[in-house]
Amino acid sequence: MATHFSIYSFIFLICFSTFGNGSSGSDDIEALLDLKSSIDPFNSLEWSGKNVCKWSGVKQCLQGRVTKLVLEHLNLSGNLDERSLNKLDQLRVLSFKNNSLSGQIPSLSGLANLKSLFLNQNNFSGEFPATISGLHRLKVVVLSQNQISGEIPASVVNIRRLYVLYVEDNLLTGPIPGFNQTGLRFLNVSNNQLYGEIPATPALVRFNLSSFSGNVELCGEQINVPCNGSLIRAPPALSPKLTEKKHRKNKKVIWVVVGSVGGVVLLCILVGLLVYFMKKRGGNETRDDRSKAVSGGETAAPLPEEDSGGGGGNKGGGFNWEGDSGIGTLVFCGAGDQQMNYSLEDLLKASAETLGRGTMGSTYKAVMESGFIVTVKRLKDARYPRVEEFRRHMEVIGKLRHPNLVPIRAYFQAKEERLLVFDYFPNGSLFSLIHGSRTSAGGKPLHWTSCLKIAEDLATGLNYIHQNPGLTHGNLKSSNVLLGSDFESCLTDYCLTTFRNPDSAEESSASALFYRAPEYRDTRRPLSQQADVYSFGVILLELLTGKTPFQDLVQEHGADIPRWVRSVREEETESGDDPASSNEGSEEKLAALLNISMACVTLTPDNRPEMRDVLRMIKEARAEAQVSSNSSDHSPGRWSDTVQSLPRDDHLSI
């Protein structure tokens, strides 16, 4: 039985939850005014009126209670008043970022609903606020760039939903707790005075040197510093007897060391003479052997074996090639890339973990001995195209630099091997952001403000590619969109279809075909820019509906997402339904983005807009939405926990 409803209403219902009517709560008014009196000596907050939900900095209300308070860059000073702050017991997001607040961070035990806490870039001192360990809904804690001292309390492991912990640039001491939260995805404890071994828990082994740098007395496998005893600090206080005993022991050690040093010096002299005579005799042979090892000789470690499973990593291999592969070099692409602090030899020794496999080849996370991480794509067919054609194409796409493209930093080619080196993006893909770990079930859609921001990022990057004659992305899908350091959307795996053997009988994966334009699904010819536009439209529909283009639920209503949306719109027209909603303005914004996506997935290629026109329409829709919105953060929808909690400058919407 067909169900008749508005496609706008459908998308609106799955994107939004019901918010408060804006009526003020007297308790919150009193609490905010008390808070203002303690932190606002320059009267930066002009709070007046009975509707607290319209006060500056109050970004969201629920049934008249304040749920999001964002007071950033306001030159606030003084100490936070614990009593007034804890009266705001419906807060979900609290931010005092970039002010001049000082003193001890007060107890926040009354904020049982708090999910995101941003106190970074202030002058807070005293100890880490241990009371937050009792806030069981808390997901994001950002306390960086303060003067917080003492240890990170072990009780933070009790924050089961912890997703982000940023405490860098403080005065913290002591060991790092054994975080065991499976959801912990962002961690930065750098530039403190932490010491001891970094626990090798599953939650912590995923982080690298950048999360721990600036703590000179830390050791552990994450930073490639062995814990040999000298880096594991002893307790600071020793009894007088222990101190005296230690002093006597040190005297004995000194005499032993003096005697040992004399013997070592004599031994070094003898070894030096031996090396001198051997070098004269076989120096050239040694250099030849070393060149053979670096350029692909049999002594180097093999590539990781191909994983036949569905995506688990394969750790431990090095990136190398076996047999008579010929001599190759690692060629850096852009002018600035020449300064990258790794070499081919470093890449050879890197441990590798499989990230995925596709029609073009396998992708690995490569961790070098220095701790530097890159992404390496090993092309499947190293014999196509020919060496000179491969080099010419890499010279073109290797120079592409744009904030919405994952840059190709270097490439390697030999007779039987071709590797591409990209920046490593630890924040995952757009597919994971929308659908989580699920690949067949319907996910929860992003809020319309996030959709507009992502859409503009993707359109900007794709338009940049299309401005170069003859270039297309060729493999556009949500899993080939990575999230950057500021959670901007960046295209990867672009312009690589020319490396595919046209005579290969191998077909693309079933899921990838649903992103591909219909006119190219049964062919292996290179895709056009119009086909990229179609794929872009599919991603927009994926953003709006939260559905994968290949899931069974969609296929029940049509062969793919575009046909399914068309069928719903036809039902809407036939039934004469009038879109009705508690927020017509939000539906208008959704309708604008939906109309753009449907124009992109038009079946006739010549009727699809060019990317520059798509980008213009998205910018116009986003500008209009920002002007017409009731609040600066556009009141996020029901699936905003992850998006609004991400630690970035504008953490309220992507």
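Trainee: How much of the protein is buried?
Mentor: Buried residues make up 51% of the 654 residues. Keep in mind that this is a predicted model.

Trainee: How many helices and strands are there?
Mentor: There are 16 helices and 22 strands.

Trainee: And what share of the contacts comes from residues 24 or more positions apart?
Mentor: Taking contacts with a separation of 6 or more, 59% are between residues 24 or more positions apart.

Trainee: Let's switch to cysteines. How many disulfides does the count give?
Mentor: Two. Cysteine 53 pairs with cysteine 61, and cysteine 219 pairs with cysteine 227.

Trainee: What is the pairing in sequence order?
Mentor: Numbering the bonded cysteines along the sequence, it reads 1-2, 3-4.

Trainee: How far apart are the sulfur atoms of cysteine 53 and cysteine 61?
Mentor: They sit 2.1 Å apart. For cysteine 219 and cysteine 227 the figure is 2.0 Å.

Trainee: Is the link of cysteine 53 and cysteine 61 left-handed or right-handed?
Mentor: Left-handed, with -115 degrees about the S-S bond.

Trainee: And why is the disulfide of cysteine 219 and cysteine 227 right-handed?
Mentor: Because the torsion about its S-S bond is about 105 degrees.

Trainee: Why does cysteine 333 count as buried?
Mentor: Because its relative accessibility is 15%, and the cut-off for buried is under 20%. Cysteine 451 is buried too, at 0%.

Trainee: New topic, helix H7. Which of its residues are buried?
Mentor: H7 runs over residues 387–397, and its buried residues are Phe390, His393, Met394 and Ile397.

Trainee: Why do those count as lying on the same side of H7?
Mentor: Because they cover an arc of only 100 degrees around the axis.

Trainee: What covers them?
Mentor: The cover includes three strands: S18 (373–379), S19 (408–414) and S20 (417–423).

Trainee: Over to strand S21. Where does leucine 483 come in?
Mentor: S21 spans residues 481–483, and leucine 483 lies in it. Leucine 483 counts as buried, at 4% relative accessibility.

Trainee: What does leucine 483 touch, leaving out residues up to four places away in sequence?
Mentor: Phe425, Asn427, Gly428, Ser429, Leu433, Glu488 and Ser489.

Trainee: How many residues along the chain separate leucine 483 from phenylalanine 425?
Mentor: They are 58 residues apart along the chain, yet their C-alpha atoms are separated by 6.8 Å.

Trainee: How much space lies in the largest cavity?
Mentor: About 70 Å³.

Trainee: Which residues line the largest cavity?
Mentor: Gly474, Asn475, Leu476, Lys477, Ala512, Tyr515, Arg516, Leu527 and Ser535.

Trainee: And how do the residues of that lining divide?
Mentor: Four are nonpolar, three polar and two charged. Lys477 and Arg516 are the charged ones.

Terms used. Residues are numbered from 1 along each chain as its sequence is written. This is a predicted model: local features need pLDDT of at least 70, side-chain atom pairs count only at pLDDT 80 or more; totals for chains, interfaces and linings use all residues. Side-chain values use heavy atoms; hydrogens and water are left out. Buried means under 20% relative accessible area, exposed over 50%, partly exposed in between (1.4 Å probe, protein chains only). Helices (H or I, at least four residues) and strands (E, at least two) are DSSP runs, numbered from the N terminus. The arc is that of the directions from the helix axis to the C-beta atoms. Contact means heavy atoms within 4.5 Å. On a 1 Å grid over the protein atoms alone, a cavity is a set of points where a 1.4 Å probe fits but cannot get out, and a pocket is an open set with protein on both sides within 12 Å along at least five of seven lines; lining residues have an atom within 4 Å of a point. Grid points are joined across faces, edges and corners, and a volume is the space filled by probe spheres set on the points. A disulfide is a pair of cysteine sulfur atoms within 2.5 Å.
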